[in-house]
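This is a walk through a predicted model. Please keep the sequence and the structure in view while reading.

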Amino acid sequence: MDLELKGKTAIISGGSVGIGLAVAEALAAEGVNLLLCARNEQRVKEEAQRIASDHGVQAVGVKADVSVAAEVSAVAAAATESYGQVDILINNAGTGSSETIMEAGDDRWQYYWDLHVMAAVRLAREIVPLMRKAGGGVILNTASICAKQPLGYEPIYNVTKAALVMLGKCLANELIGDNIRVNTINPGLILTPDWRKTAGILTEGTGQSVEEYLDDIARQNTPIARFGTPEELAHFYAFLCSHKAAYCVGSTYYVDGGWLKTVE
Ligand code: NDP
């Protein structure tokens, strides 16, 4: 299926590894030019360079912490300088947490609010004018199944991702008149390098291998009994970015191997 994305321009926050990188690859394979941002400058620039040479597209890597307002503005400035207009924005940067509500301080809540919610608000304010120049666009938010089905150890993650889902809905209503479609994806267990690292730490000295640990988690939680790959998720993002998904507006899509225990 030709997604007719060739020559479009996409910004991907957290595009240097894991899900964001897989989305970057999937879009580049369709001929989309990219601006990837992340905090680790070397990694984001190297990945952008590699994708550009692998897929024959333009790709720029920008060092930015999207939880900081001024750095979001720097991303928009880089997009303006490199491309002038933007067709696709993927709000993907994020990370899990671990705390109790009773013990976590305000600073912790604020950090995750800035990272998962305000980054998407601020990027919308900065990037939507560049989408209007293009005559429309697509915004996708990476939230999480935890927005609906919370994991006990990470209440701040659950709450801020739930807020991102609602932001996506409200933004969709506000922007569809500009021909900008906003949707949110709630992934389940997606096997990124970070999961492997965590599994390595948790299994150290236990006699259990990383693979066994990950298999156990997948079997205990998902009917499909395995993790998803970032690539399996990325195909869905590419579809949602395309005109083939023209009637998809303001929705939240689960890609979770059946993990969600309720019907939506
Ligand atoms: P990774 O940790 O593998 O990648 C996270 C990416 O975000 C990296 O590029 C990282 O680069 C970047 N990033 C993190 N913090 C910031 C920041 N403050 N500013 C800019 N960039 C940042 O995560 P995943 O690929 O697993 O997750 C991607 C998204 O998907 C997250 O929002 C996560 O919550 C969500 N998700 C993941 C699931 C999974 O199972 N993997 C399940 C459900 C949701 P750098 O460190 O250089 O900044």
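A polar side-chain atom of Asp-65 lies 2.8 Å from a nitrogen atom of the ligand. In Ser-16, an N or O atom of the side chain is 2.7 Å from a ligand oxygen. For Lys-161, the distance from a side-chain N or O atom to an oxygen atom of the ligand is 2.8 Å. On its own the ligand has 880 Å² of accessible area, and the protein covers 91% of that.

In total, 30 residues surround the ligand. The closest of them are Ser-16, Arg-39, Asp-65, Asn-92 and Tyr-157.

Next, the division of the chain. Domain 1 is made of two segments, 9-190 and 230-254, while domain 2 covers 193-227. Between the C-alpha centres of domain 1 and domain 2 the distance is 26 Å.

How many residues of domain 1 and of domain 2 are in contact with each other? Domain 1 contributes five residues, and domain 2 contributes eight. The size of an interface is often given as the accessible area lost when the parts come together. Between domain 1 and domain 2 about 540 Å² is buried, with carbon and sulfur atoms giving 66% of this area. On the side of domain 1, the residues that lose the most area to domain 2 are Leu-189, Ile-190 and Glu-232, which together account for 79% of what that side buries.

Glu-232 also takes part in a salt bridge with Arg-226, in which the closest N and O atoms are 2.8 Å apart. Across the interface of domain 1 and domain 2, one salt bridge is found. One residue pair in polar contact, with both residues at pLDDT 80 or more, is found across this interface. Where domain 1 touches domain 2, its residues divide into three nonpolar, one polar and one charged.

Definitions and conventions: Residues numbered from 1 in each chain as written. Predicted model: local features only at pLDDT ≥ 70, side-chain atom pairs only at ≥ 80, totals over all residues. Heavy atoms only, no water. Domains from an automatic or database assignment. Contact = heavy atoms within 4.5 Å. Buried area = accessible area lost by both parts, 1.4 Å probe. Salt bridge = Lys/Arg side-chain N within 4 Å of Asp/Glu carboxyl O. Polar contact = N/O pair within 3.5 Å; in protein donor to acceptor, adjacent residues only side chain to side chain. Nonpolar A, V, L, I, M, F, W, Y, C, P; charged D, E, K, R; others polar. Near = heavy atom within 4 Å. Areas by Shrake-Rupley, 256 points an atom, 1.4 Å probe, with all protein chains shown as cover.
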